[in-house]
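Thanks for coming. I will take a few elements one at a time, with the picture on the screen. Please keep questions for the end.

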Amino acid sequence: MPRTWAKQRALGAVKRAAVVADRLTPSRPGIVVLLYHRVGARTGIEVDLPRSLFAEQMAAISGRAVPLDAALTALDTQPGPGASPVAVTFDDGTADFVDEALPVLVEHRVPALLYVATAFVEEGRPFPDEGTPASWAGLAEALSTGLVTIGSHTHTHALLDRADPALVTEELDRSQRLIEDRLGVPAHHFAYPKAVPGSTSAAALVRERFRSAALAGTRPNPYGRTDPFLLSRSPIQVSDGMRWFEAKLDGGMGLEDRLRQLLNRGRYAGAVT
């Protein structure tokens, strides 16, 4: 318990510092892409949101949310008056996306793109942190709503900054084949696992196969000068609540992501997935 309390205090301190940094260097106009992982608060991890909080967040953006394809098209145009569009994305492909998140998305008519690590769905392989994989039938149900787009998150959730080109090719191609074979739809969009950018050769292979590739970044994607293969996303955490969620929705909290990247260099130094 003390460790959890200390962690929450530290997270709060980082978020408050990020807001101060935003005041000093306001973000430029652009489209915010939100990054979610889980809904249902079954595990206690920071990326597993209570359904009630997720619902409140989706209600807040229901008038602004657009599919990722529409967001990418809008990035090539001049921004119109009013608030910019916002896009919702999910990583991994856990069962709670279908059981918990999907009903909320349908209720508020919010489109979302789910990047699936296909080995976990195909083999029923558990994700880390007690993540139950979705089934292909569940993902087909999500597609049937007309609100969900399926993208690739590699086959085994492999980090592409250290994989040789042959392995990268297998990871990308097998993921795309399975999505098309099992769901009957092509996967045009890609998200790098753990938001770790790929090597130069891996990035080239991604560009050959997809229309976009997503990372993290916690900043808006600026109009007229966003590389769709370096798409920034704002990760949403339980500790964001609505206060920090709204700050991220406004394009802020970039300092939080910069600190996370520094931490992740050590966390993922020897990881392959």
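Which residues of helix α2 are buried? Before the reply, one caveat: this is a predicted model. Now the helix, which covers residues 51-61. Its buried residues are L53, F54, A55, Q57, M58 and I61. As for what lies over them, the cover includes strands β1, β2, β3 and β4, together with helices α4 and α9. In residue numbers, β1 is 30-36, β2 is 38-39, β3 is 48-49 and α9 is 243-249.

Next, helix α3, residues 68-75, and in particular A71, which lies in that helix. A71 has a relative accessibility of 2%, so it counts as buried, the cut-off being under 20%. What does A71 touch, leaving aside neighbours within four places in sequence? The contacts are I31, V66 and A87. Take I31 from that list: A71 and I31 are 40 residues apart in sequence, while their C-alpha atoms are 7.1 Å apart in space.

Now a loop. T94 sits between β4, residues 86-92, and α4, residues 95-108. Is T94 buried or exposed? With a relative accessible area of 1%, T94 falls under the 20% cut-off and is therefore buried. Its side chain makes a polar contact of 2.8 Å with the side chain of D96. Beyond four places in sequence, T94 touches H37, R38, F127, G131, T132, P133 and A134.

Last, strand β8, residues 212-217. Why is β8 described as largely enclosed by the rest of the structure? Because 6 of the 6 residues in the strand are buried.

What does β8 pair with? On one count, strand β7, residues 189-191, is joined to β8 by 3 bridges, and the two run parallel. One of the pairings puts H189 with S212 as its bridge partner in β8.

Conventions. Residues are numbered from 1 along each chain as its sequence is written. This is a predicted model: local features need pLDDT of at least 70, side-chain atom pairs count only at pLDDT 80 or more; totals for chains, interfaces and linings use all residues. Side-chain values use heavy atoms; hydrogens and water are left out. Buried means under 20% relative accessible area, exposed over 50%, partly exposed in between (1.4 Å probe, protein chains only). Helices (H or I, at least four residues) and strands (E, at least two) are DSSP runs, numbered from the N terminus. Two strands pair if DSSP finds at least two bridges between them. A polar contact is a pair of N or O atoms within 3.5 Å; within protein, one must be able to donate a hydrogen and the other to accept it, and residues adjacent in sequence count only if both atoms are side-chain atoms. Contact means heavy atoms within 4.5 Å.
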